Amino acid sequence: MKEIQVIIQPFKLSAVTDALQAIPGVGGITALDVRGFGHQRGQNGLERPARGSVNYTQKVMLILAVPDDVVASVLATIEKHAHTGNPGDGKVFVLPVEDALRIRTGARGGGAL
């Protein structure tokens, strides 16, 4: 199993989640409103920031756990539906998951997904 953390532009949320839900093996998605900055420190290039200042930009973070065999499909889908070609499109992180537990049923491992 893998945990996939996705940081995208808020206006891409519906397109990305709709596409992810169509992939067999993607059971659930958690979406969080987050703020952050990347290489450009939150600047759009139009104004000159004060020295040392950082503008945090609004993003959406998706978190999902999936079986190993669907990771490639999930990554391709995210890239296709979150891409604009502009700075700030986002990042995706893939992490190993040692175990999972579905609290309601007690199912463990892949059965908890």
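This is a guided tour of the structure above, one selection at a time.

**Before you start**

The model is predicted, so local features need pLDDT of at least 70, side-chain atom pairs count only at pLDDT 80 or more, and totals for chains, interfaces and linings use all residues. Residues are numbered from 1 along each chain as its sequence is written, and side-chain values use heavy atoms, with hydrogens and water left out.

**Stop 1: the whole chain**

Show everything as a cartoon. The protein has two helices and four strands. Helices (H or I, at least four residues) and strands (E, at least two) are DSSP runs, numbered from the N terminus. Follow the chain from the N terminus, and the elements run β-α-β-β-α-β.

Now think about burial. Buried means under 20% relative accessible area, exposed means over 50%, and partly exposed lies in between (1.4 Å probe, protein chains only). Of the 113 residues, 27% count as buried.

Contacts come next; a contact means heavy atoms within 4.5 Å. Take the contacts between residues at least 6 apart in sequence: 74% of them join residues at least 24 apart.

**Stop 2: the strands**

Select β1 and β3. These two strands run antiparallel, and seven bridges join them. Two strands pair if DSSP finds at least two bridges between them. Find Ile-8, which stands opposite Val-60 in β3.

Pick Gly-36; its bridge partner in β3 is Thr-57.

**Stop 3**

Select Gln-5, in strand β1. Its side chain makes a polar contact of 2.7 Å with the side chain of Glu-3. A polar contact is a pair of N or O atoms within 3.5 Å; within protein, one must be able to donate a hydrogen and the other to accept it, and residues adjacent in sequence count only if both atoms are side-chain atoms. Leave out residues up to four places away in sequence, and Gln-5 touches Met-61, Leu-62, Lys-91, Val-92, Phe-93 and Leu-95.

Jump to Lys-91, in strand β4. Is Lys-91 buried or partly exposed? Lys-91 is partly exposed, with a relative accessible area of 47%. Beyond its neighbours within four places in sequence, Lys-91 is in contact with Gln-5, Val-6 and Ile-7.

**Stop 4: the loop between β1 and α1**

Select Gln-9, in the loop between β1 and α1. Gln-9 is buried, at 16% relative accessible area. Setting aside neighbours within four places in sequence, its contacts are Lys-59, Pro-87, Gly-88 and Asp-89.

Select Lys-12, also placed in the loop between β1 and α1. Lys-12 is buried, with a relative accessible area of 18%. Not counting residues up to four places away in sequence, Lys-12 touches His-81, Ala-82, His-83 and Thr-84.

**Stop 5: helix α1**

Select α1, residues 13–21. Which residues of α1 are buried? They are Val-16, Thr-17, Ala-19 and Leu-20. These residues cover an arc of only 165° around the axis, which puts them on the same side of α1. The arc is that of the directions from the helix axis to the C-beta atoms. On the other side of α1, Asp-18 and Gln-21 are exposed. What covers the buried residues of α1 includes β1, β3 and α2.

**Stop 6: helix α2**

Select residues 71–82, the twelve residues of α2. From first C-alpha to last, α2 reaches 16 Å, close to the 16 Å expected at 1.5 Å a residue. The expected span is 1.5 Å times one less than the number of residues.

Color Val-71, Val-74, Thr-77, Ile-78 and Ala-82, which are buried. Looking down the axis of α2, the buried residues fall within an arc of 130°, so they line one face of the helix. The face turned away from that buried side carries the exposed residues Ala-72, Glu-79 and Lys-80. The cover over the buried residues of α2 includes β1, α1, β3 and β4.

**Stop 7: the core**

Finish with the largest nonpolar core, which has 16 residues. A nonpolar core is a set of buried Ala, Val, Leu, Ile, Met, Phe, Trp, Tyr and Cys residues joined through side-chain atoms within 4.5 Å. Select Ile-4, Leu-20, Leu-64, Val-66, Val-74 and Ile-78, the residues with the most contacts inside this core. β1, α1, β3 and α2 each supply at least two residues of the core.

Zoom in on Val-66. Leaving aside neighbours within four places in sequence, the contacts of Val-66 include Ile-4, Val-71, Val-74 and Leu-113.
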